[in-house]
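I opened a notebook page for this structure and wrote down what I looked up, one topic at a time.

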Amino acid sequence: MIVFIDTNIVLDVMLANTGLYDESNAVLSYCDKGYDFYISAASCTDIFYIVKRTLRDVDAVKQVMKNLLTAVSVAGVDESCIRRALDSDWADFEDSVQHEVAQQIKADIIVTRNQSDYAHSSVRVMTPSEFLKFVRNV
């Protein structure tokens with residue numbers, strides 16, 4: 001099963017966001033249980049920038065990113081993704097790009113805290129708690 005992980009899930013873990021860390025970390029723990037986890041290349045730059053603002057240590061952030069890449073694969077953002085996102089009627093361009101990447105890799109599920117951002121998704125969207133219930137029942 002291919003699972004596309006939205007940026008906010010990774011940030012919950014990397015920044016140890018209070019009240020969000022446990023569920024998001026539990027989601028990422030399934031990366032070695034037969035699920036193929038992906039983030040977009042665009043997420044990598046966003047995550048690096050946001051975590052660097054908090055840690056203020058480039059070497060530490062690079063190591064965090066390297067650790068992340070042992071758990072997830074990176075899906076490319078190419079011109080066709082950008083063009084489809086631009087042609088879509090989505091209100092938020094970044095969410096539209098994420099959705100296009102998820103479609104391009106034929107993701108079965110998008111996991112995000114911001115489910116309403118993906119209201120028009122053709123890919124099944126789940127919150128972390130919904131995903132955890134789903135995988136426990138599979």
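Before the entries, I noted how helices are named: a helix is a DSSP run of H or I with at least four residues, and helices are numbered from the N terminus. I looked up Asn25 under this rule and found that it lies in helix α2. I also noted that the model is predicted.

**Entry: Asn25**

I then looked up its distance from Ala119. In sequence, Asn25 and Ala119 are 94 residues apart, and in space their C-alpha atoms are 24 Å apart.

**Entry: α1 and α2**

Next I looked at how α2 sits against α1. The two helices pack at an angle of about 110°, and their axes are 8 Å apart. An angle from 65 to 115 degrees counts as roughly perpendicular, so α1 is roughly perpendicular to α2. I noted a left-handed crossing for this pair. Which residues make the contact? From α1 they are Ile9, Asp12 and Val13, and from α2 they are Tyr21, Ser24, Asn25 and Leu28. I sorted the residues of this contact into four nonpolar, two polar and one charged. Asn25 from the entry above is therefore part of this contact.

**Entry: α2 and α7**

I stayed with α2 and turned to its packing with α7. Here the angle is about 45° and the axes are 9 Å apart. That angle makes α2 oblique to α7. The crossing of α2 past α7 is left-handed. On the α2 side I listed Glu23, Ser24, Ala26 and Val27, which meet Pro128, Ser129, Phe131 and Leu132 of α7. By type, the residues of this contact are five nonpolar, two polar and one charged. Ser24 is listed in the contact with α1 and in the contact with α7.

**Entry: α5 and α6**

Helix α5 covers residues 79–87 and helix α6 covers residues 93–104. Their axes come within 8 Å and cross at roughly 130°. The two helices are therefore oblique to each other. I noted that α5 passes α6 in a right-handed crossing. The α5 residues in the contact are Ser80, Cys81, Ile82, Arg84, Ala85 and Leu86. They meet Phe93, Ser96, Val97, Glu100, Val101 and Gln104 of α6. I counted the types in this contact as seven nonpolar, three polar and two charged.

**Entry: the nonpolar cores**

I wrote down a general point first: in soluble globular proteins, nonpolar side chains tend to be buried together. Then I asked how many residues the largest nonpolar core has. It has 26 residues, and those with the most contacts inside it are Ile5, Phe37, Ile39, Ile47, Leu68, Val111 and Phe131. The elements that give two or more residues to this core include the strands β1 (2–5), β2 (36–40) and β4 (109–111). The helices on that list are α1 (7–14), α2 (21–28), α3 (41–55), α4 (58–68) and α7 (128–137). The largest share, five residues, comes from α1.

Leaving out residues up to four places away in sequence, Phe131 touches Val3, Val27, Tyr30, Phe37, Ile109, Val111 and Met126. I also found a second, separate core of 15 residues, with Ile2, Val97, Ala102 and Ile110 among them.

**Entry: positive phi**

Most residues other than glycine have a negative phi, so I looked for exceptions. In Ala16, phi is near 50°, a positive value in a residue that is not glycine. Ala16 lies in the loop between α1 and α2. Its relative accessibility is 48%, so Ala16 counts as partly exposed.

Arg56 also has a positive phi, about 55°, and is not a glycine. Arg56 is in the loop between α3 and α4. With a relative accessible area of 74%, Arg56 is exposed.

**Entry: Arg136**

Last, I looked up Arg136, which has its place in helix α7. Is Arg136 buried or exposed? Its relative accessible area is 57%, so Arg136 is exposed. From C-alpha to C-alpha, Arg136 and Ala91 are 33 Å apart in space, and they are 45 residues apart in sequence.

Definitions and conventions: Residues are numbered from 1 along each chain as its sequence is written. This is a predicted model: local features need pLDDT of at least 70, side-chain atom pairs count only at pLDDT 80 or more; totals for chains, interfaces and linings use all residues. Side-chain values use heavy atoms; hydrogens and water are left out. Axes are lines fitted to C-alpha atoms, for helices over the stretch in contact, and angles run from 0 to 180 degrees between N-to-C directions. Angles under 35 degrees count as roughly parallel, over 145 as roughly antiparallel, 65 to 115 as roughly perpendicular and the rest as oblique. A crossing is left-handed if the near helix is turned anticlockwise from the far one by less than a right angle, and right-handed if clockwise. Contact means heavy atoms within 4.5 Å. Ala, Val, Leu, Ile, Met, Phe, Trp, Tyr, Cys and Pro count as nonpolar, Asp, Glu, Lys and Arg as charged, and the others, Gly among them, as polar. A nonpolar core is a set of buried Ala, Val, Leu, Ile, Met, Phe, Trp, Tyr and Cys residues joined through side-chain atoms within 4.5 Å. Buried means under 20% relative accessible area, exposed over 50%, partly exposed in between (1.4 Å probe, protein chains only).
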